[in-house]
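Subject: Structure for you to look at

Dear colleague,

I am passing on the structure we spoke about, and my notes follow below it. Please read them with the model open beside you.

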Amino acid sequence: MPKINGNEIRPGNVLEHDGGLWAAVKVNHVKPGKGGAFAQVELKNLRDGRKLNERFRSEDKVERVRLDQKDQQFLYENDGMLVFMDNETFEQIELPADLLGDRRPFLQDGMVATIEYYGEEALSMQLPQKVVCKVVETEPVVKGQTAANSYKPAILDNGVRIMVPPFVGQDEDIIVHTELMEYSERA
């Protein structure tokens, strides 16, 4: 694995540090008036979600890790485990549902998700950026209510509550941004 200097750390880099795998969330380069420059890095543990603030001087060497990404198709859920199939080898694997966190309701049957692996261990999962959902409950459309930023609450077919523009009605399909968990556009 390649070693990089402390001042080469960028947001999104995955590092092996203190015996764990950490993703750099924020990097701030600091040049104090006295002493050497350093990078103040906010790290997030990829296994348990802990956060850590660490200082790296330019002469510090850190191990940069490359994660393998595989697109895998979601098949079904079984006792809190999500079953995915590799589209090339047709192998099935089980991953814990909490890997997705609060984005879990947006995972739909047959959806292809990108799973990041470190060796054989699955560390994270990304859903497609936008998914189509149906609005099952919202307030009725009021004629003439066209104020610019007036959003109303809506409940989607997967049980998630989001804010939608006033022109969106019940039983309408909309596109939801899965990272931000908010309305994007009409389907």
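In which loop does methionine 181 lie? Methionine 181 is found in the loop between β15 (173-177) and β16 (182-186), where strands (E, at least two residues) and helices (H or I, at least four) are DSSP runs numbered from the N terminus.

Before the rest, two remarks on how to read the values. This is a predicted model, in which local features need pLDDT of at least 70 and side-chain atom pairs count only at pLDDT 80 or more, while totals for chains, interfaces and linings use all residues. Residues are numbered from 1 along each chain as its sequence is written, and side-chain values use heavy atoms, with hydrogens and water left out.

**Positive phi values**

Methionine 181 is not a glycine, yet its phi is positive, near 55°. With a relative accessible area of 24%, methionine 181 is partly exposed; here buried means under 20% relative accessible area, exposed over 50%, and partly exposed in between (1.4 Å probe, protein chains only). Aspartate 79, also a residue other than glycine, has a positive phi of about 50° and sits in the loop between β7 (68-78) and β8 (81-86). Aspartate 79 is exposed, at a relative accessible area of 76%.

**The sheets**

Six strands make up an open sheet with antiparallel pairing, in the order β1-β6-β2-β3-β4-β5, two strands being counted as paired if DSSP finds at least two bridges between them. Its edge strands, each pairing on one side only, are β1 (3-5) and β5 (51-57). On average, neighbouring strands of this sheet are turned by 45° against each other, direction ignored, with axes taken as lines fitted to C-alpha atoms (for helices over the stretch in contact) and angles running from 0 to 180 degrees between N-to-C directions. Strand β4 (residues 38-45) is joined to β5 by seven bridges, and the two run antiparallel; glutamate 42 has asparagine 53 as its bridge partner in β5.

A further open sheet, again with antiparallel pairing, is formed by five strands in the order β9-β8-β7-β10-β11. The edges are β9 (92-96) and β11 (121-126), each of which pairs on one side only. Within this sheet, β7 pairs with strand β10 (residues 112-118) in the antiparallel sense over six bridges, and the bridge partner of aspartate 71 in β10 is threonine 114.

**Salt bridges**

How many salt bridges does a search of the whole structure find? The search finds ten, a salt bridge being a side-chain nitrogen of Lys or Arg within 4 Å of a carboxyl oxygen of Asp or Glu. One of them brings glutamate 42 together with lysine 51 (3.5 Å, N to O); glutamate 42 is buried at a relative accessible area of 17%, whereas lysine 51 is exposed at 54%.

Another joins glutamate 185 to lysine 130, with the closest N and O atoms 3.7 Å apart. This pair links distant parts of the chain, since glutamate 185 belongs to strand β16 and lysine 130 to strand β12 (residues 130-138), 55 residues apart. Both are partly exposed, glutamate 185 with a relative accessible area of 36% and lysine 130 with 41%.
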